Amino acid sequence: MSPPARVCVVGLGYIGLPTAVVLANAGHHVVGFDANPAVERALADGRAVIREHLLDERLAQAVASGRLEAASSPVPADAFILAVPTPVHGLAHKRAELRHVTDAAEAVAPLLRPGNLVILESTSPPGTTERVVRPVLERGSGLRAGADFRLAHCPERVLPGRIFHELVHNDRVIGGVDPASAEAARDLYASFVQGQVFLTDATTAELVKLMENTHRDVNIALSNEFALVAQHLGVNVWEAIQLANRHPRVNLLQPGPGVGGHCIAVDPWFVVGAAPRFTPLIAASRMVNDGMPLHVADLVAETLGGLDGKRVVALGVTYKADVDDTRESPSAEVIEHLRRAGASVMVHDTVVQSDVAVEDLALDADCLLLLVDHRAYARLDPGTIGPQMRHRIAVDTRNFLSLAPWLAA
Ligand code: SAJ
């Protein structure tokens with residue numbers, strides 16, 4: 001598909017919208033659809049409802065060029081990209097919710113014509129493209145995947161905050177239901193991807209994506225478990241990790257108050273769900289990471305000598321530093337534990353709300369609890385915050401605040 005094509009992008013979230021913009025600015029004619037009408041209206045006005053570095057200007061450029069438009073339902077196209085959410089639900093062992101994927105496939109199926117290409121970009125359990133999307137598309141179109149239309153899975157690995165850079169420069173893995181499907185998808189991505197593109201089958205591509213994020217989740221769990229061990233032994237885990245990482249082939253990740261976001265905290269469950277008998281380590285790692293918010297609340301309780309009636313200022317509600325995404329944020333769970341134990345918690349987040357100053361929230365507070373290492377928090381001045389507080393206690397779950405000035409205050 002080297003010449004410009006008509007592309008219909010279904011799902012205009014953190015991945016779909018930047019992908020639609022990059023495709024339009026690469027010369028394709030892109031029509032974007034999202035189940036949320038507010039997203040469609042914003043796109044029609046050349047605006048985004050999400051925040052991402054460079055998105056506003058790149059989106060305005062794409063809309064102004066006439067190559068990116070909004071639609072109230074999917075439209076016929078040469079290629080369809082499904083970039084809809086794939087959350088998990090349930091309590092302990094979570095299961096994939098594929099409703100948005102099947103809804104998107106059902107909406108696209110009647111529009112399919114021979115020679116069309118359908119790409120599932122959503123991170124999905126292994127087998128979703130072959131066993132969920134393929135039958136829905138074939139049933140709804142009367143066409144056969146592979147023989148009549150092309151079908152591939154192309155996961156993304158972009159880092160929020162760097163999406164426009166990584167969409168172009170990251171290597172991509174493309175998995176087709178047959179080689180022709182993988183090649184057709186490669187031709188489309190070749191119009192903007194400068195990284196290397198690797199072709200494989202759909203299920204391998206699905207598993208590759210899950211392996212990338214599961215690897216990270218398991219390694220974060222290991223560092224979180226070391227944090228619990230170090231605390232038990234009276235060792236500074238941050239110092240120990242820094243020293244261990246001096247080994248040329250050791251790279252321990254950072255402990256934290258839990259693992260948030262709709263990727264690292266979610267994707268491992270897709271692997272557990274696909275092979276529960278073979279994934280005790282992956283499941284246990286999820287449990288370790290999901291146990292950190294309660295551990296942080298216990299740490300604050302221990303430090304304050306109890307939580308009832310105490311005033312805590314929580315800094316950071318997004319799932320990680322310098323992003324505005326609060327989905328699956330561990331901070332929310334920490335705050336919930338503290339409140340349930342009788343503490344009153346004032347919440348501040350320098351990225352998602354900045355109408356109140358930390359100094360004001362610190363008035364008569366017993367504890368300052370840093371949960372997210374937003375860059376801006378490095379500028380907090382303990383000299384002005386300390387005197388406001390009833391007790392001068394700070395709990396830093398990210399080893400982020402510089403120790404000397406805070407200890408001095
Ligand atoms: N975290 C730690 N300790 C660490 C690193 C992260 O506690 O050492 C926590 C963060 O605070 C956050 C969570 O883990 O709550 C996830 O953070 P992240 O840095 O992994 O960032 P994500 O989820 O935005 O991006 C990941 C990336 N995947 C990998 O690095 C393998 C990104 O490339 C993926 O595209 C993205 O997931 C995704 O969308 O799948």
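**Chat about a predicted model**

Colleague: Let's start with Ala182. Which residues does Ala182 touch, leaving out those up to four places away in sequence?

Modeller: Ile174, Gly176, Leu199 and Thr200 are the ones Ala182 touches, once residues up to four places away in sequence are set aside. Keep in mind that this is a predicted model.

Colleague: Where is Ala182 found? And is Ala182 buried or exposed?

Modeller: Ala182 is in helix H7, which covers residues 179–189. Its relative accessibility is 2%, and the cut-off for buried is under 20%, so Ala182 counts as buried.

Colleague: How far apart are Ala182 and Leu368?

Modeller: In sequence, they're 186 residues apart. In space, C-alpha to C-alpha, they're 52 Å apart.

Colleague: Okay, over to Leu368 then. What does Leu368 stand opposite?

Modeller: Leu368 faces Ala394, which is in strand E14. Strand E13, residues 367–370, is joined to E14 by three bridges, and the two run parallel.

Colleague: What's the order of the strands in that sheet?

Modeller: The order is E12-E11-E13-E14, four strands in an open sheet with parallel pairing. E12 (344–348) and E14 (394–396) each have a single partner strand, so they stand at the edges and one side of each has no neighbour in the sheet. On average, neighbouring strands are turned by 20° against each other, ignoring direction.

Colleague: Which strands does helix H12 touch? And what about helix H13?

Modeller: Helix H12, residues 292–304, packs on the sheet and touches E11 (311–315), E13 and E14. The direction of H12 makes about 155° with that of E13. Helix H13, residues 330–340, also packs on the sheet, and its contacts are with E11, E12 and E13. For H13, the angle is about 155° with the direction of E12.

Colleague: Switching topic: how many salt bridges does a search of the whole structure find?

Modeller: The search turns up 15. As background, side chains of opposite charge can pair when their charged atoms come close.

Colleague: Tell me about Asp217. Which residue does Asp217 form a salt bridge with?

Modeller: Arg286, with the closest N and O atoms 2.7 Å apart. Asp217 sits in helix H8 (residues 202–233) and Arg286 in helix H11 (residues 280–290), so this pair ties together parts that are 69 residues apart in sequence.

Colleague: Are Asp217 and Arg286 buried or exposed?

Modeller: Both are buried. For another case, take Asp45 and Arg47, whose side chains meet in a salt bridge at 3.3 Å, N to O. Asp45 is exposed, at 54% relative accessible area, while Arg47 is partly exposed, at 45%.

Colleague: Last topic, the ligand. Which of the 20 residues around the ligand come nearest?

Modeller: Val158, Asn213, Arg216, Gln254 and Tyr319.

Colleague: And which parts of Val158, Asn213 and Gln254 are involved, backbone or side chain?

Modeller: For Val158, a polar backbone atom is 2.7 Å from an oxygen atom of the ligand. With Asn213, an N or O atom in the side chain lies 2.7 Å from a ligand oxygen atom. Gln254 has a backbone N or O atom 2.7 Å from a nitrogen atom of the ligand.

Definitions and conventions
Residues are numbered from 1 along each chain as its sequence is written. This is a predicted model: local features need pLDDT of at least 70, side-chain atom pairs count only at pLDDT 80 or more; totals for chains, interfaces and linings use all residues. Side-chain values use heavy atoms; hydrogens and water are left out. Two strands pair if DSSP finds at least two bridges between them. Axes are lines fitted to C-alpha atoms, for helices over the stretch in contact, and angles run from 0 to 180 degrees between N-to-C directions. Contact means heavy atoms within 4.5 Å. A salt bridge is a side-chain nitrogen of Lys or Arg within 4 Å of a carboxyl oxygen of Asp or Glu. Buried means under 20% relative accessible area, exposed over 50%, partly exposed in between (1.4 Å probe, protein chains only). A residue is near a molecule or strand if one of its heavy atoms lies within 4 Å of it. A polar contact is a pair of N or O atoms within 3.5 Å; within protein, one must be able to donate a hydrogen and the other to accept it, and residues adjacent in sequence count only if both atoms are side-chain atoms.
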